[in-house]
Amino acid sequence: MKLGKLLKYSLFLFIFSLITYFILTVYIYYFSKNPNIEIVYSFVAPICIFLVSTMYSRSIHEKGLLRGIEIWIIYFAIVLLMKVLFRYPAEIKLLYNGIILIMSILGGIIGVNLKNKRA
């Protein structure tokens, strides 16, 4: 485990998520008249974690399964920390977090197996 790269890509995950949520919120607030489009919020975290897990494991080039799990652990720790700090009473959804774990592992495996364009 390379802690520097893990922290770098964890920061990427945080930034990607914030930007995506911001763009989606602005779009829904100003341009959307359909209230059913809010379901898209539940797809933001799995897509962002998939992309970041792919980038992280591609930069490390080894053990994509473990690299995906590392990114998921960081994501889950951030979610738990935010729940504790803001005293958010909602429970943790096991199915949703299981789907995010699968997306993270899948991104890690795909990232390791992608060809490096420099080589």
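This is a predicted model: local features need pLDDT of at least 70, side-chain atom pairs count only at pLDDT 80 or more; totals for chains, interfaces and linings use all residues.

1. Helices (H or I, at least four residues) and strands (E, at least two) are DSSP runs, numbered from the N terminus.

2. Residues are numbered from 1 along each chain as its sequence is written, and side-chain values use heavy atoms, with hydrogens and water left out.

3. The protein chain holds four helices and zero strands, and its pattern along the sequence reads α-α-α-α. The C-alpha trace of the protein chain spans about 50 × 30 × 25 Å along its principal axes.

4. For the packing of α1 on α2, the angle is about 150 degrees and the axes are 9 Å apart; axes are lines fitted to C-alpha atoms, for helices over the stretch in contact, and angles run from 0 to 180 degrees between N-to-C directions. Angles under 35 degrees count as roughly parallel, over 145 as roughly antiparallel, 65 to 115 as roughly perpendicular and the rest as oblique, and α1 and α2 are therefore roughly antiparallel to each other. α1 passes α2 in a right-handed crossing (left-handed if the near helix is turned anticlockwise from the far one by less than a right angle, right-handed if clockwise).

5. Contact here means heavy atoms within 4.5 Å. Among the residues of α1 that meet α2 are L6, Y9, L13, F16 and Y21, and the α2 side includes A45, I49, V52 and Y56. By class, the contact of α1 with α2 has 17 nonpolar, four polar and one charged residues, where Ala, Val, Leu, Ile, Met, Phe, Trp, Tyr, Cys and Pro count as nonpolar, Asp, Glu, Lys and Arg as charged, and the others, Gly among them, as polar.

6. α1 and α3 pack at about 55 degrees with their axes 10 Å apart, which makes α1 oblique to α3. The contact joins L6, Y9, S10 and L13 of α1 to E70, I71, I74 and Y75 of α3, and its residues divide into six nonpolar, one polar and one charged.

7. The axes of α2 and α3 come within 9 Å and cross at roughly 135 degrees, which makes α2 oblique to α3. On the α2 side the contact includes A45, I49, V52 and Y56, and on the α3 side R67, E70, W72 and Y75 are among the residues involved. This contact of α2 with α3 has eight nonpolar, four polar and two charged residues.

8. A pocket is, on a 1 Å grid over the protein atoms alone, an open set of points where a 1.4 Å probe fits, with protein on both sides within 12 Å along at least five of seven lines, and lining residues have an atom within 4 Å of a point. Grid points are joined across faces, edges and corners, and a volume is the space filled by probe spheres set on the points. The largest pocket holds about 790 Å³ of space.

9. Which residues lie nearest the centre of the largest pocket? They are Y21, Y75, V79, K83 and Y96, from a lining of 22 residues. By class, that lining has 17 nonpolar, two polar and three charged residues.
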